[in-house]
Amino acid sequence: MRVLLIGANGYIGRFVADRLLADPAVQLTALGRGDDADVRFDLASGSPGALTRFLDAVHPGVVINCAGTTRGGARDLTRHNTVAVATVCEALRRSGCGARLVQIGCAAEYGPSQPGSSTAEDAVPRPGGPYGVSKLAATELVLGSGLDAVVLRVFSPAGPGTPAGSPLGRLAEAMRRAMQSGDGELKLGGLGAQRDFIDVRDVARAVHAASLSAAQGVINIGSGRAVRLRDAAATLARVAGYGGALHELDGPPGPLRAAIGHPRGDSDHVAPVAYPYPDGCGSWQQADVRTARDRLGWRPRINLEESLADIWMEAACRI
């Protein structure tokens, strides 16, 4: 099976590439903006015609799109998350390859949900920020394209390679600094949010399964269990061997002024701390993952403690 992977250098894309390369039945070609891609192409600025010519030459059976961005203003998010997907869809419509499209979506497309509930694929999306809006627009383009396509709505990915700027990445970095400086107290803000964490390697397994299946439409990829960030922080402290006290800072979502990784009362180290989940999804998200089980034969295998241990291992190795 010939697979074209777009965004192989991204957080999720790297693990999807590893998963596909381990399958001897897959012939993988990577397309992206980086120098190490097999073919360099910028979806946000490249023309559908140029991509069509490449598709006709390579003739993949599956196209997996892991490309996109989580940062930037509305214009950048639209270019990289929406316009890029429009280019892929148009190129596939023009091409004679007849490839199946696996698009990586995001739980931010749903927006806030009722605490205690599990969000299923038939929930009405109400994204609470520009990132979710840009990803939802991409999903709608895919679903309306007439292609053989599936969108995997990934909830909160975790595990090795977690970006240092992500909520769990920031927790690990704050803990590393506290341990390095011998602080017996760690102050953290915004720990009340609850999210459905799913290991990135399990996400890669789901992408692999989706590429082999005939499933179409939207499929949630998550653990099916919401975890409060303060509980994730306590688990991270345990796997890291941090014996200090974790103090949660009170305050509404938004910028806070607080010390992270410094003793209480040390005003010399006061710094702004961003609310850990500026994703527009409110205080709660939990996936209903029955569709992934029934249509992909997929279940998560890696628990959050293992994911956090891998995040900590990478943070501890930073100089």
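User: How are α3 and α4 oriented to each other, roughly parallel or roughly antiparallel?

Analyst: This is a predicted model, in which local features need pLDDT of at least 70 and side-chain atom pairs count only at pLDDT 80 or more, while totals for chains, interfaces and linings use all residues. Residues are numbered from 1 along each chain as its sequence is written, and side-chain values use heavy atoms, with hydrogens and water left out.
Two packed helices are described by the angle between their axes and the distance between the axes. Here helix α3 (residues 74-94) packs against α4 at an angle of about 10°, and their axes are 9 Å apart. The two helices are therefore roughly parallel to each other. Angles under 35 degrees count as roughly parallel, over 145 as roughly antiparallel, 65 to 115 as roughly perpendicular and the rest as oblique. Axes are lines fitted to C-alpha atoms, for helices over the stretch in contact, and angles run from 0 to 180 degrees between N-to-C directions. Helices (H or I, at least four residues) and strands (E, at least two) are DSSP runs, numbered from the N terminus.

User: Which residues of α3 and α4 meet?

Analyst: Contact means heavy atoms within 4.5 Å. On the α3 side the residues include A74, L77 and V85, and on the α4 side they include P130, Y131 and L141. By class, this contact has 11 nonpolar, 4 polar and 1 charged residues. Ala, Val, Leu, Ile, Met, Phe, Trp, Tyr, Cys and Pro count as nonpolar, Asp, Glu, Lys and Arg as charged, and the others, Gly among them, as polar.

User: Why is strand β6 described as largely enclosed by the rest of the structure?

Analyst: In a regular strand the side chains alternate between the two faces of the sheet. In β6, A149, V151 and R153 point one way and V150, L152 and V154 the other way, and all are buried. Buried means under 20% relative accessible area, exposed over 50%, and partly exposed in between (1.4 Å probe, protein chains only). Because 6 of the 6 residues of β6 (residues 149-154) are buried, the strand is largely enclosed by the rest of the structure.

User: Which strands pair with β6?

Analyst: Two strands pair if DSSP finds at least two bridges between them. Strand β5 (residues 100-106) runs parallel to β6 and is joined to it by 6 bridges; Q103 has V151 as its bridge partner. From β5 the chain passes through helix α4 (residues 130-143) to β6 in a right-handed β-α-β crossover. A crossover is right-handed if, with the strands pointing away from the viewer, the path from the first strand over the helix to the second runs clockwise. Strand β10 (residues 217-221) also pairs with β6 in the parallel sense, over 5 bridges, and there V154 is partnered by I221.

User: Is R176 buried or exposed?

Analyst: R176 lies in helix α5 (residues 167-181). Because its relative accessibility is 10%, R176 counts as buried. Leaving aside neighbours within four places in sequence, R176 is in contact with W312, A315, A316 and R318.
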